[in-house]
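Subject: Structure handover

Hi,

Here is the structure for you to open alongside this note. My findings follow below it.

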Amino acid sequence: MKQTLPQIFQLYFRNPSFRILSIIFFLSALISKWLYLAHQTWWAEDVTTVLFIVTLWLTFYMGLIVKRQLANHRASLLPGYRRQHMMCFFVLYLIYVLVIMLWRDGLRPMIEITEHAQQGILAACLLAALGVTWIGYLSMGRIFIYFYAGILIMAKQTLYLLDIFEQAVYLKYILSAGSLLLVVGLAVRLTRLKEDHFEYGYLLAWPPRKYIVDQVKASQSISNIFDPWLKIFRVKRAPAIPPYPRDANLFVRSRHWDYVDRMSIVSILFWMTVAAPLYMLFIQRPEMEKFFRNVYTNFLLLTMTPVLVALGSQYKRITYWGYDLLKPVKKESYVKERGVVVLRTLFSYWIVFIVCLVLIPNYVFKPEVLHTLKFWAFFLLTGTFSFLTLTWIAYLGCESDSKRVVIHGIILASLVLIYFSLMPAFSILEMVMSNVVCLTGGVILTKLAYRGWCEQEFV
Amino acid sequence: MSIKAKYYFTVSTSSGVPIYRQIIDQVKTHIATGRLEMDVFLPSVRQVAKELVVNPMTVSKAYSLLEKEGVLESVRGQGMKVHKTSVSKKDLEKREDQMVPLLKEVVTKARQLSLSKEKMAALLESLWKENKNG
Amino acid sequence: MDRYVIEAKDISKNFGAKQVLDQLSLSVPAGSVFGLLGTNGAGKTTLIKCLLGLYKISRGKIHVLGDDPWDFMEATKEQLGYVPQSDRVYPWLTVKELIAYTASFYKHWNAPLIEKLIKEWRINPEEKLGVLSEGEAQKVSIILSLGHEPKLLVLDEPVASLDPAARRQFIKMILQIVSDRECAIFFSTHITSDLERVADQVAVLKEGRIHFHGELGALKDEVKRLHIRSEQQLPDDLGLGREKVIYCESSAGEAIVSVRGFKKEFKDIIEATCKARVEVEDLNLEEIFLELNR
């Protein structure tokens with residue numbers, strides 16, 4: 001029995017993605033602390049942003065991993081399996097939480113914070129982390145994206161959150177209680193997890209096609225939430241996919257491949273009708289007034305979320321591209337049509353985000369902003385930047401040399417980070433120029449991606 | 001001297017006859033033709049099962065049925081011994097029954113090939129002589 | 001409790017509106033090799049998962065090795081081995097690491113046996129699980145279930161992806177286990193020729209119930225196909241009773257009838273009642289399965 005724990009730990013750290021995320025996690029915690037001690041406070045804060053993003057992905061991943069370990073016949077049939085795996089999970093989680101707690105000095109140099117506020121922040125972070133772990137456990141990838149966006153918004157408003165925690169000291173107790181509830185709930189659920197439970201199917205199954213079957217099972221109950229909206233908007237679930245319109249133009253042809261995934265229009269409508277009013281109510285609170293001091297701070301949210309969603313919806317289908325090619329359609333034509341699908345998805349999500357989170361609130365609360373050129377340049381820039389990012393990722397998707405992928409990945413991530421940090425300070429000229437650069441870059445990358453994907457093996 | 005089961009028994013899983021019955025029939029046939037002589041020890045259940053790749057319980061069932069009929073005798077510590085080589089009248093009927101399906105096929109084929117009964121009898125004679133010598 | 005390793009009484013299982021198992025009863029004697037036959041979708045995998053406590057049954061009682069499978073004691077788990085239909089985990093682990101990982105949960109682990117099997121079945125222990133073919137992955141699954149030398153081994157379509165040579169190795173291995181020690185083996189399969197060799201008990205699962213349950217030899221003695229030739233019209237039940245007739249196909253003066261519960265006297269009975277000539281055809285397990293599933 002003694003040898004089980006090292007074996008289980010091995011499962012975590014032999015997992016390539018988990019290993020990379022953990023390395024970045026520990027490194028950034030270390031570097032940020034070191035930078036702070038070396039009085040490079042501005043850089044320390046930037047590195048902690050990395051830490052923050054990695055932590056979110058890490059908690060999500062941990063939820064996935066623990067489920068993967070326990071959504072298994074072994075959990076019910078191997079002696080001591082469940083107990084040992086759960087123990088390992090909570091111990092590991094605790095270690096990561098302790099690292100964050102030890103790091104917390106990273107916040108101090110930027111602003112004056114009281115002990116209460118800091119505890120409040122930590123409690124909030126813990127609750128958010130556990131929430132994300134739960135989402136990972138339930139394999140609700142899509143919801144994670146929205147949650148992620150929400151957390152990013154909140155994260156940007158640290159200063160205002162600090163005020164809240166200063167004033168309402170009791171809040172941290174409520175948040176801690178919430179965390180405890182989530183921990184206990186997870187433990188109970190894991191102890192009882194059997195194949196009958198809806199969340200048994202899991203993301204990252206192997207082989208990749210099994211993942212889709214499992215994911216469908218897991219998300220079936222989630223999609224049932226949308227049924228009332230289907231009725232309201234009178235959207236009919238189509239019974240069958242119509243034949244491929246061979247003689248139509250590129251745009252119409254591409255809709256054929258998107259037929260099944262286009263159900264997401266319902267989720268868009270869902271979020272618009274539910275999220276937008278909630279959002280309006282939320283931002284009317286006096287603390288949130290400062291939220292709009294600078295509309296340009298939401299750059300990251302507005303550009304990255306549509307990209308992630310567009311990629312996410314295609315990732316599901318990617319294992320079937322090989323089968324799609326068996327249909328009477330030329331590979332070049334297919335790649336073009338797929339490209340159109342991805343771009344169209346990106347565009348639709350971008351429009352929804354920009355309208356819901358920027359246009360409408362500003363129209364209601366600060367209409368004068370809408371008359372400035374800067375605003376519209378910004379507006380366009382969110383679109384072109386997403387376009388650039390997406391095409392870059394698409395291009396990297398067909399790159400087989402892992403070194404080049406890593407280098408490109410680092411360049412892209414740095415670009416995102418730079419733009420995200422510096423956006424509020426951009427002048428109109430800089431925004432317009434960025435627009436042009438992004439657009440041209442995007443177009444070039446589209447061509448490169450197209451050529452690359454034509455050469456790809458679709459298995 | 002141990003007998004290798006593989007050389008004495010063959011089992012077919014696609015035949016409708018249960019395996020234990022196939023073994024029983026083959027033991028009896030070997031005894032009748034003299035291939036298995038009296039007081040010879042048959043291989044153990046485990047050995048037969050291993051060589052024929054069948055469940056030992058099947059072999060065990062065949063052996064115990066043969067023992068019940070008195071064809072085999074169980075000797076403590078040594079295994080199953082061939083007990084009887086003499087053939088009773090009842091056995092004769094059984095053995096004839098075994099030949100009937102084969103002979104039916106022969107008759108059908110002979111008719112198809114337009115071979116007369118006398119021709120067939122002559123063929124049988126010469127083949128019988130050959131088998132005896134060889 | 002010692003006589004039967006698995007005892008299921010009137011168990012039912014449904015997924016929503018779909019009733020998969022319907023008041024099914026089953027008992028597996030200790031030390032037997034038990035084969036479960038059934039068409040695709042008949043519910044073999046569901047039955048196995050219910051018996052092992054992976055699914056919750058909606059009604060009925062199950063005892064496996066004297067214990068309730070929904071909440072096995074650790075001691076029971078030490079005696080139990082399971083090979084699922086497909087078991088793909090952790091593609092970046094090697095075979096050796098998976099073995100070490102599995103072994104760490106058991107008090108008793110026969111490492112030399114595992115090593116021997118790995119060699120015999122020609123598996124490369126340094127190979128990553130992700131690159132194994134379906135057949136190799138299945139072999140690894142089977143080997144893993146044997147390490148702790150369980151008293152009960154449950155396998156779900158264990159040879160579906162194995163080539164004939166590998167299947168033969170598998171059968172030999174099962175027979176080796178059965179003759180070496182006390183171990184009951186319960187497996188579901190389509191491949192009837194393997195069952196013919198190795199099983200002493202079979203059960204046929206159809207429409208959520210067990211349609212036959214008993215010794216293989218008895219099944220083959222009881223289910224026969226009769227070729228009947230008669231001048232006169234043949235009654236539907238051939239004078240034997242309706243429940244005995246499985247299927248009847250007839251045209252002028254000739255009929256092919258499959259029956260269950262066959263006894264030697266039937267031939268004479270039919271010949272007398274219907275003034276017919278009857279030939280009795282023995283059926284192998286595959287034919288029996290087809291007849292029972294008409």
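B:Lys81 counts as buried, because its relative accessibility is 18%. (Buried means under 20% relative accessible area, exposed means over 50%, and partly exposed is in between, with a 1.4 Å probe and protein chains only.) Its partner is B:Asp39; the two side chains meet in a salt bridge, 3.3 Å from N to O. (A salt bridge is a side-chain nitrogen of Lys or Arg within 4 Å of a carboxyl oxygen of Asp or Glu.) B:Asp39 lies in the loop between α2 (19-33) and α3 (45-52) of chain B, and B:Lys81 in strand β2 (residues 79-82), so the pair ties together parts that are 42 residues apart in sequence. (Helices, H or I with at least four residues, and strands, E with at least two, are DSSP runs numbered from the N terminus.) B:Asp39 is partly exposed, at 45% relative accessibility.

Two points on how to read this. This is a predicted model: local features need pLDDT of at least 70, side-chain atom pairs count only at pLDDT 80 or more, and totals for chains, interfaces and linings use all residues. Residues are numbered from 1 along each chain as its sequence is written, chains are lettered from A and ligands numbered from 1 in the order in which they are written, and side-chain values use heavy atoms, with hydrogens and water left out.

**Other salt bridges**

Over all chains, the structure holds 23 salt bridges. One of them pairs A:Arg14 with C:Glu97, at 2.5 Å from N to O. A:Arg14 sits in the loop between α1 (4-13) and α2 (16-37) of chain A, and C:Glu97 in helix α3 (residues 95-103) of chain C, so this pair joins two chains.

Another links C:Lys96 and C:Glu126, at 3.0 Å from N to O. C:Lys96 is in helix α3 of chain C, while C:Glu126 is in the loop between α4 (111-120) and α5 (134-144) of chain C; they are 30 residues apart. C:Lys96 is partly exposed at 46% relative accessibility. C:Glu126 is also partly exposed, at 47%. Elsewhere in chain C, salt bridges with shared partners join C:Arg225, C:Glu281, C:Glu287 and C:Glu291 into one network.

**Chain C against chain B**

Chain C brings 21 residues to this contact and chain B brings 20. (Contact means heavy atoms within 4.5 Å.) The buried area is about 1600 Å², and carbon and sulfur atoms give 50% of it. (Buried area is the accessible area, with a 1.4 Å probe, that two parts lose on being put together, summed over both.)

There are 3 salt bridges between chain C and chain B. One of them is C:Glu215 with B:Lys61, whose closest N and O atoms are 3.4 Å apart.

On the chain C side, α6 (164-180), α7 and α8 each supply at least two residues. The largest share, 7 residues, comes from α6(C). By class, this side has 6 nonpolar, 5 polar and 10 charged residues. (Ala, Val, Leu, Ile, Met, Phe, Trp, Tyr, Cys and Pro count as nonpolar, Asp, Glu, Lys and Arg as charged, and the others, Gly among them, as polar.)

**The two domains of chain C**

The assignment gives domain 1 (4-219) and domain 2 (223-292) of chain C. (Domain bounds come from an automatic or database domain assignment.) Their contact takes 10 residues from domain 1 and 7 residues from domain 2. The domain centres, taken over C-alpha atoms, are 37 Å apart.

Together the domains bury about 850 Å², 72% of it on carbon and sulfur atoms. C:Thr192, C:Glu196 and C:Leu219 supply 49% of the area that domain 1 buries against domain 2, more than any other three residues. The salt bridge count between the domains is 0. Polar contact is found for 3 residue pairs, both residues at pLDDT 80 or more.

On the domain 1 side, β3 (33-38), α7 (192-198), β8 (201-206) and α8 (216-222) of chain C each supply at least two residues. The largest share, 3 residues, comes from α7(C).

**Chain A**

Chain A has 19 helices and 0 strands. Of its 459 residues, 48% are buried.

Best wishes

Conventions. A polar contact is a pair of N or O atoms within 3.5 Å; within protein, one must be able to donate a hydrogen and the other to accept it, and residues adjacent in sequence count only if both atoms are side-chain atoms.
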